[in-house]
Amino acid sequence: MRRIQVVLAAALTTGLLFASGPALGAEERPVLARSEAAVAAPGDDWLHTKGNKIVDANGDEVWLTGTNWFGFNAGERVFHGLWSGNITDITKSMASRGINIVRVPISTQLLLEWKDGKAAVPSGVNAYANPEIAGKTSLEVFDHWLALCERYGIKVMLDVHSAEADNSGHIYPVWWKGTITSEDFYTAWEWVTARYKNDDTVVAMNVKNEPHGTASTSPRAKWDGSTDQDNFKHVCETAGKRMLAINPNLLVLCEGIEIYPKAGASWTSTTPTDYHSNWWGGNLRGVRDHPVDLGAHNDQLVYSPHDYGPLVHQQPWFTGDWNRTTLERDVWDPNWLYLHKENKAPLLVGEWGGFLDGGPNQKWMSALRDLIVEHRIHQTFWCLNPNSGDTGGLLLGDWKSWDEEKYALIKPALWQHGGKFVSLDHEVPLGGAGSTTGISLSDVYDGPTDPEDTQAPTAPTGLASTAKTSTSVALSWTASTDNTRVTGYDVYRGTTKVNAVPVTGTTYTDTGLSPSTAYSYTVRARDAAGNVSAPSAALNVTTQSSDTPSGAVKVRYKNNDGSATDNAIRPSLQVVNTGGSTVKLDAIAVRYYFTRDGSASVSAWCDYAAVGCAQVKLRVVPLATPVSGADAYLEVSFTGGSLAAGANSGDIQLRMSKADWSNFNEANDYSRTTSTTYTDAPAVPAYTGTALAWGTPPA
């Protein structure tokens, strides 16, 4: 959904192109070059995957943390900003500030031009600011930049952003367009893979940027088990296998699409409500049913969703009192985060970023940053360029100064060890030889001058049960601290470790349990050196009986409104703790699904609550795609308080009306019944944290 909206203004005119004055330190810049046959030390820094991690040839975990620098994908056919900024200064600055990988958008058209020997000298390079690349073709500029990346310890990912060299080419939904065919797309990937197959500076290839399209769009990208031209899953497999046949060491990144059919629907439907919708490139729901198969090289596969904030587009999930918990539960988990949590494959968030507005957009960016850091998810921030119209960049308009506030926000999501930024190169520290801000991979894992880490992390605290059923217990705890870094947690049921791989977050659900049975849990933390903490305080939990409704809570409902066609909806709810231990109310969210019956906005009020209306939070959330019986829901959550085992919240009397005070038609609303006394309401689902604890949401 993101638009580059490039702001070129007058900087590309001949009169201003050379008006920025001499670049500082130009006499100190090396003149670097690469030939068609240039070869870096083979095999040093290639990467592959293991579960949800990316590791080097030694099996040591790495963290890809970088940014995007666009321009080669656009009509200028070269990095933007070289009309005033210096290519060496910009590259060195990225490295010194912790960018260990750069995602480079490019077009199929330009790759084919390079392949056919038709690379031209780009007009968007200020020769005065960039004497080291004056007169070079776009391919020669790219090769020169790769040499700079090698010098400063940066790795590179290529991304086919569009079929044609066009500043707005990414808006087209698929990978073929005009004279650029699907076979041209594969051929271009094969050529560039072969050109750099011995250069471990180029470690990853992003198959195609943001495939998308809605139910009625033609063409549009789909995801299924077919070999159809528009099936992006098949495209990922085809392009991936053809690249890996040339260089089996490349990471192959596969993005998501925009929509995916709901249960019972198919790709033949043109009805929007039959699909789950997300950002362009952000919908990886199809992987659960149809995972990408790269054959013998499946350990080179990385999935790469994109995610943006409300300043790019006011998505339905940004309505009302949303937060990280709602985003994780409603958007990230079902669309892509499940791949990481279930240890299926690594994730690299290929694009995320935006303006710091001091409000909703910054709130979203901070929430995603925290998720990335907590789960150690790989990422390339959008973007370096200040001329990205709806996001801005890390650099300011002079292409030299950094936006220090934005950089401070993303800095925790850049790989650091012992206060230094970490390169993905085993020999070159990030920032180059003599860097004071960066170190190499070897410095992290086997540096001869590093003291041995023998300090164990602190023991986890706050171990609690957030939900339970007759066969499962959901746990959460407070993160441990360590002198270097906590890498994961082990969960013990009694003396038995129950997690197969270290838990990277601070939640875990233990399954396969027996009903009405007492279990004792502890958690231990691990660090990168293998040190293990003392166990947390033990938590005793008894599973529910087999005839108890699923979850630690349930919802009861009664209808306070005899008319189904007046201008108000008046549900009353009770939240009941069905578990054996106290439940915190601020961990619970309840959803009442209804239809708005018109375009007017809907407001909600608490008329009475036994716990106090001041303790009740309400938000009305439109659905991205309406379903039968609902195009919105009223979410009820709490600011605090708790429910003892077996207790309930008492009456919570609610009311909704439209801004224009027009009538509703509640007759077919999903959550409504005509009962005027409290009854169990599975059509009013409840969540504890991000987990569904009661009821059934509408499909």
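A contact means heavy atoms within 4.5 Å. By that cut-off, residues 24 or more positions apart account for 74% of the chain's contacts with a separation of 6 or more. This is a predicted model: local features need pLDDT of at least 70, side-chain atom pairs count only at pLDDT 80 or more, and totals for chains, interfaces and linings use all residues. Residues are numbered from 1 along each chain as its sequence is written, and side-chain values use heavy atoms, with hydrogens and water left out.

**Overall build**

- The chain has 11 helices and 35 strands. Helices (H or I, at least four residues) and strands (E, at least two) are DSSP runs, numbered from the N terminus.
- The radius of gyration, taken over C-alpha atoms, is compared with a globule rule of 2.2 Å times the number of residues to the power 0.38. For 699 residues, a compact globule would come near 27 Å; the chain has 27 Å, which agrees.
- Along the principal axes, the C-alpha atoms fill a box of roughly 80 × 60 × 45 Å.

**Burial, surface and charge**

- Of the 699 residues, 57% count as buried. Buried means under 20% relative accessible area, exposed means over 50%, and partly exposed lies in between (1.4 Å probe, protein chains only).
- The accessible surface comes to about 25400 Å², and 50% of it belongs to carbon and sulfur atoms. Accessible areas come from the Shrake-Rupley method with a 1.4 Å probe; for residues, only the protein chains shown count as cover.
- The chain carries 56 positive and 74 negative charges, and their mean positions are 4 Å apart. Lys and Arg count as positive, Asp and Glu as negative; His and the chain ends are not counted. Each charge is placed at NZ of Lys, CZ of Arg, CG of Asp or CD of Glu.

- Two strands pair if DSSP finds at least two bridges between them.
- Strand β4 (residues 65-68) runs parallel to β13 (residues 378-381), with three bridges. Thr 65 faces Gln 379 of β13.
- β4 also runs parallel to β5, again through three bridges. Here Thr 67 stands opposite Val 102 in β5.
- β5 (residues 101-107) and β6 are parallel and joined by seven bridges. Val 104 is opposite Leu 158 in β6.
- β6 pairs with β7 (residues 202-206) in the parallel sense, over four bridges. Leu 158 stands opposite Met 205 in β7.
- In β6 (residues 155-162), eight of the eight residues are buried, so the strand is largely enclosed by the rest of the structure.

**Helix α3**

- Six of the eight residues of α3 (residues 108-115) are buried, so this helix is also largely enclosed by the rest of the structure.
- The buried residues are Thr 108, Leu 110, Leu 111, Leu 112, Glu 113 and Trp 114.
- They pack against β5, α4 (138-152), β6 and α5 (182-195).
- After α3 comes Gly 117, with a positive phi near 70°.

**Antiparallel sheet**

- Strands of a sheet pair through backbone hydrogen bonds, either parallel or antiparallel.
- Five strands form an open sheet in the order β28-β32-β25-β24-β33, with antiparallel pairing. Its edge strands are β28 (602-609) and β33 (679-680), each pairing on one side only.
- β24 (residues 553-559) and β33 are antiparallel, with two bridges between them. Tyr 557 has Thr 679 of β33 as its bridge partner.

**Backbone features in loops**

- The peptide bond from Ser 218 to Pro 219 is cis, with omega near 0°. Pro 219 sits in the loop between β7 and α6 (232-244).
- A cis peptide bond also runs from Trp 382 to Cys 383, with omega near 5°. Cys 383 belongs to the loop between β13 and α10 (404-410).
- Arg 77 is not a glycine, yet its phi is positive, near 60°. Arg 77 lies in the loop between β4 and α2 (87-96). Its relative accessible area is 22%, so Arg 77 is partly exposed.
- Asp 597, also a residue other than glycine, has a positive phi near 55°. Asp 597 is in the loop between β27 (588-594) and β28. With a relative accessible area of 34%, Asp 597 is partly exposed.
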